[in-house]
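Hello,

Here is the structure I promised to pass on. Please have a look, and then read my notes below.

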Amino acid sequence: MATRRPSKSKKNATKLFVLDTNVLMHDPTSLYRFEEHDIYVPMMTLEELDANKKGMSEVARNARQASRSLDEIVNISPDGIDAGIELTGPSSGLATGRLFLQTEFIDIQLPASMPTAKGDNQILAVVMHLFEKFERKRPVILVSKDINMRIKARALGLAAQDYFNDKVLEDTDLLYTGVREIDAAFWEANGKDMESWKQEGRTYYRLSGPGTADLLINEFVYQEGEQNLQAWVHDKAGRSVTLETLTDFGHTKNNVWGITARNREQNFALNLLMNPEIDFVTLLGQAGTGKTLLTLAASLTQVLETKRYSEIIMTRVTVPVGEDIGFLPGTEEEKMAPWMGALEDNLDVLNGTTGEGGEWGRAATRDLIRSRIKIKSLNFMRGRTFINKFLIIDEAQNLTPKQMKTLITRAGPGTKVVCLGNIAQIDTPYLTEGASGLTYVVDRFKGWPHSGHITLQRGERSRLADHAAEVL
């Protein structure tokens, strides 16, 4: 089959992007994300939107929102839809291209192996028609989240690409880790006019120089060797930064609910979790790095001992790894119980660190702890406000940016939100590491004085779990 190649006419010619249904169902605002380029919505895309609009799932909500957006755009067009509808007004200047809807019958002969009864193939037929119509004038590109759809398009000689506009990062290796190593050269370059003082048991260093410009507020720095240092950026003004030494949670006297930090990153994490000035914490790390255990220990200490928060609320996305086992009986909390195995496992560990009291004492403590932990489903979060709560969002890598925004904006006065996850274990369809809601909030919140992030590097679960994480 001969491959069709886009003509090399004008380099600055605007492109025509044909949208597959899954793009609109993944991001309803994608209509306004193509800047100066035009977009084309086939009739089959509208049909599939209509077929998926019923229900309470995120996909159904997105389908309804996309349909409403299309309706608003079409209604404000005074000249009809044949010539395309200007997007400048509806998008408030975000997009300056035009929206085209399929208004004609397109009869393109596809290969016999591609039946036209299938919706994907009808969209491909539209792309092929537009390609032949604009072959010498402008590039025509299919945008789809479906890998097989893109492969079929390329097999037909058509240009196709993924939807990239919701991706925070192309390469997640570039994601902010929250940690930076410094050495003697850093002090030489930035410590010429250094000021140092002690206050309330902490040591502060004020530095200024070329190496401080890239540091962010609440970013951790460490130095290994003879002069061991663990600190974080307490304040920043231009090229001047103030470093503050940390509480050593690796020491037994600073234990949190009987738990001590086993490595440097765990110490950084506990400093974030125990600091009342930090309202939002994100912890990334592979299985066994201690994300849930550290968070639960910190939350129990601040709820039951220091009384900083009134109760713990824990939630997670209910995306099954294997086959779904069907409906679950009971109340909301009972339905969520199978998803909260990690919570129960960690509570068993924490309950064993509460000291004396024997079996009766441990049972009483377990009952007290469980009475202060509420397990909630994400499905009923919209419209709620949590006041003076410690909110834990587990498996946050499975959330979309929109779902993440919905959850974090539930926080009322005095509430702390902690997001835990491993972006290498995403189970939600069409969600990638670069587009995950967890990646999104890590990138957007970095540098805010009341938030902190740490990527936990070392597994502490067992030598078997560590080895499996590396080789499997």
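A residue is called buried under 20% relative accessible area, exposed over 50% and partly exposed in between (1.4 Å probe, protein chains only). Helices (H or I, at least four residues) and strands (E, at least two) are DSSP runs, numbered from the N terminus. This is a predicted model, where local features need pLDDT of at least 70 and side-chain atom pairs count only at pLDDT 80 or more, while totals for chains, interfaces and linings use all residues. Residues are numbered from 1 along each chain as its sequence is written, and side-chain values use heavy atoms, with hydrogens and water left out.

Let me begin with helix α4. Twelve of the 15 residues of α4 are buried, among them Ile 123, Val 127 and Phe 131. The buried residues of α4 pack (heavy atoms within 4.5 Å) against several elements, including β1 (16-19), α2 (43-51) and α5 (147-155).

Now the aromatic rings. Rings of Phe, Tyr and Trp (its six-membered ring) pair if their centres lie within 6.5 Å; planes under 30 degrees apart count as stacked, over 60 as edge-to-face and the rest as tilted. The structure holds ten such pairs. One of them is stacked: Phe 220 and Trp 232, 5.5 Å centre to centre with 20° between the planes. This pair links strand β10 (residues 220-223) to strand β11 (residues 229-237), and both Phe 220 and Trp 232 are buried. The ring centres of Phe 445 and Trp 448 are 5.9 Å apart and their planes are at 65°, so this pair is edge-to-face. Phe 445 is partly exposed at 24%, as is Trp 448 at 36%.

Best wishes
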